[in-house]
Amino acid sequence: MNEVCLLNQSLRQSFIDKEHSSSTNYQATLLINDKLEGKEFLSTLLKELNNCNEFFICVAFVTNSGIATIINCLEHLEKNNIKGKVLVSQYLNFTQPDALRKLLKFQNIDLKIASNNLHSKGYLFKSKYTNNIIIGSSNLTASALRSNKEWNLKVSTTENGLLCEQVINEFDKELFNATSVTTEFINAYSEVWNKTKSLRSQICKIENALDDNIEPNKMQGEALKSLSDLRRSGRNKALVISATGTGKTYLSAFDVQIYKPKRFLFIVHRRTIAEKALETFSKLLDPNISMGLFSGQKKELNCDYLFCTIQTLSKRNNLDLFDQNYFDYIVIDETHRAAAQSYKTILDYFTPGFLLGMTATPERTDGTNIFELFDYNLAYEIRLHRALDEGMLSPFHYYGVTDITVNNEMIDEYSDFNKLTSDERVNHIIAKSNFYGTDSGEVRGLVFCASNKISSQLSYEFNKRGCKSIALSGASSEEVRLETIRKLESHEDEKIDYIFTVDIFNEGIDIPSVNQIIMLRPTQSAIIFVQQLGRGLRKAEGKEYVTIIDFIGNYNNNYLVPIALYGDRSFNKDTIRKLMRSGSNLIPGTSTVNFDEVAREKIFESIKNTSMHKLADLKKDYEGLKRKIGKVPMMMDFIKYGSRDPWLFVSNQKSYLNFINKVENNYRDTISPDLLELLELFTLNVNNGKRVDESLLLQQLLETSSLNKNDFIEKMKSNYNYWINEEAIQSLLININFNFIKKECDNIRLENDTFVLGKKLRDALENDTFNTFFADSVDYSITTFDECFSEEKYIDGLIRYKKYSRKDVCRLLNWDQDISSTVYGYRTRNNVTPCFVTYHKSDELEGDINYNDYFISSSEFAWDSRSNRKINSKEIENIINSKRILLFVKKEDGEGFDFYYLGDVMIIPDSVEQGTTDKGSPVVHFRFLLDKPVEDTLYDYLIQE
């Protein structure tokens, strides 16, 4: 069907009859930003830019943040000689001069500015057959593209359409009257813009001064309630985990306001931090409360509230100045340091009424259990992504950039010093730094390197090229560090552009003005990555965002990049792939994540090649969670605390209890081998999160021991809007009793329309250990299913875009036994045909089995039967006459045994044709129409080589 016909059908559905079927590619669409629904205008803008032959943009305002969100795309368009025209406005002098400078660098863009009151927001994208027009409220700013409440209408038209002609005529008219943007124009406009900016800043300061009432934000309010609840329950210690820049000091001051201690102690590791904390408390608390410092030679003992440094207070002669019960409330800032002897001395000495620890990074690599120090009372966690979503931190724009290639070899973990500091690499780093720039055009950057030697040499090379920098190391004194930071933040001639370092700024340093971070080392730890990224996230006056430039080479641990960026700690490969596909959709606020094509492929390759269930890694995460909660964690604890996907423990040992027995001695003598085997069978074949019916029934029977069939049917209907029929109930019993895998166990019976426990399972549940781990696996199965579930994606037991193995599909289609070993590419049974496609076939496949399966579009799929099949064969007739055909696709064999369920399909009429393979064997060609087009991110991921 040609594009005009598809457009015609879409116009009918969009404007006349919503029930009419049409291609989503041309439907009129309201574009909005809605985080809950995963919608943002930016996604559509990038898609249209990437698919067009020419583009036109007319907006009132353009800012650095707006350009930062699409700069990679603009670079791609320039490389492919896709031309565009951009018209912006001088209205209210809001358009930023540096944004114009960035646009002016692109040779393919004709850039003009209107000096009148142009307030239009319109986008036009020309392609081969149709033109897409977007008109609405979104300017070219990060907030308009990602988070503001905006309405934009997207419509499609042909080149000859009246609307297209009207838009282009109006655009050309405004373009003709506008001024071409040149360097000279920008310089002149900058003077006007700076005056306007200064005036706005003064007004803002006046407004802030008038509104000096400081209140807890939403997350601080939640934390304060949790702290109060802990104290009401009799606890006298608590730990708060709070991302850098999220107001830990203010939070503690708010809680002190509530607690009202007579004497209070705040412990830090630097005097400058103690002074800032005192200043913060003075703003919030009763001015009649006396506050003072206890650091070095300054010991203001007559004050009720003391702010001290650990180095001073931990000395015995200073501790003896205070009675052990002197302080009612003690706060330990940066509590992850509390394992040091100086902190232990203080903790062992004082017995306050309440002890609060605060840290951004409680996880330690030396084995010390910080949680234990606070009796495992974790009051609240303010993690990075939630803080970004609440607007507590500065937004970031991350760019994953391919590192250099020398003699066809990319930088890797083993590259030598000369390669890492070569002129070619230095020039590459500086070029990318200049290209991505900063929010203000003035760099205040941190550069993290792999070693002090590399750090020092790269700093030297930067200085040679006019980029002022200083390299710091662990050997640098406190005075040198503070002086270097002062120069980075300076506005005088002494200002430097970059500080080079390895890891001394990972924590405990406050440089709010940092607006660019460059990462020049492999990502060895997601925790360290976030710590270093966090150096730029603290808000500062006039700071709009921070630029993160990460140079990605052939590093084994590249898979850690998305784990760190998206805040996911499941280590589930499919979850990580989904995050990578999502681009910026799952990043909170106005922040964005961008990878160039090669860097993206390097990360996907790392995900594919990395084992996520190595025993050593599993033990590390297991011990970490055990330290956090103070007990042996169950599978549901990993879910609760957002840690590693507990199914990885199952993958390693066949059941979670088997893993526990591998690393603990607690349960080995409490359960028999027969019960261990039974638990394995349930874990792997029933409670794997793929089919909720069985796990829900087991959960109900654990509570009541019997359940009326109709009550269970109603429970499924209530929870999932799914009417489970008799066929599914029989299949459920076959699966739970393991007949499906050709075993027989008396686990569940259906007697007189009532489900009851069979002897095998009933006897097993008498064992406390089996009962505990069995219930845990049931809860895990239901929880993981529910996380993926939505009514619109739930189709007769399967969830669209969830991954399933052939065995899973046999079970979910209510087949009475596992015949997955004979399914191969497809199998028709009971008038149902599931089709399994590996999209990118291995080069090693022979011609007769390298089938020509491919997407014609996101709605249409070309599919081949097995070779040596003719159109009139029984096998082909069975496919054609199927009541249901399901399409499952995986990108490549490296993804494992599971396939994405893309939905049900119908055979397009008259599309079935007899054909031949490359080797001349007969094969039958089909064309499938999907019940819904594949979502863009998954579609793009699957088709890309």
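Which residues in α29 are buried? They are V692, D693, E694, S695, L696, L697, L698, Q699, Q700 and L701, where buried means under 20% relative accessible area, exposed over 50% and partly exposed in between, using a 1.4 Å probe and protein chains only. This is a predicted model, in which local features need pLDDT of at least 70, side-chain atom pairs count only at pLDDT 80 or more, and totals for chains, interfaces and linings use all residues. Residues are numbered from 1 along each chain as its sequence is written, and side-chain values use heavy atoms, leaving out hydrogens and water.

**Helix α29**
- Ten of the 13 residues of α29 are buried, so the rest of the structure largely encloses this helix.
- Helices here are DSSP runs of H or I with at least four residues, strands are E runs of at least two, and both are numbered from the N terminus.
- Just after α29, S705 has a positive phi of about 70°.

**Nonpolar cores**
- The largest nonpolar core holds 181 residues, and F307, F396 and L902 have the most contacts inside it.
- Such a core is a set of buried Ala, Val, Leu, Ile, Met, Phe, Trp, Tyr and Cys residues joined through side-chain atoms within 4.5 Å.
- Helix α33 (residues 768-788) gives this core its largest share, seven residues.
- Another core lies apart from it, with 62 residues, including F106 and I404.

**Around R465**
- You will find R465 in the loop between α18 (452-464) and β21 (469-471).
- R465 is partly exposed, with a relative accessible area of 29%.
- Leaving aside neighbours within four places in sequence, R465 is in contact (heavy atoms within 4.5 Å) with D423, V426, N427 and I430.
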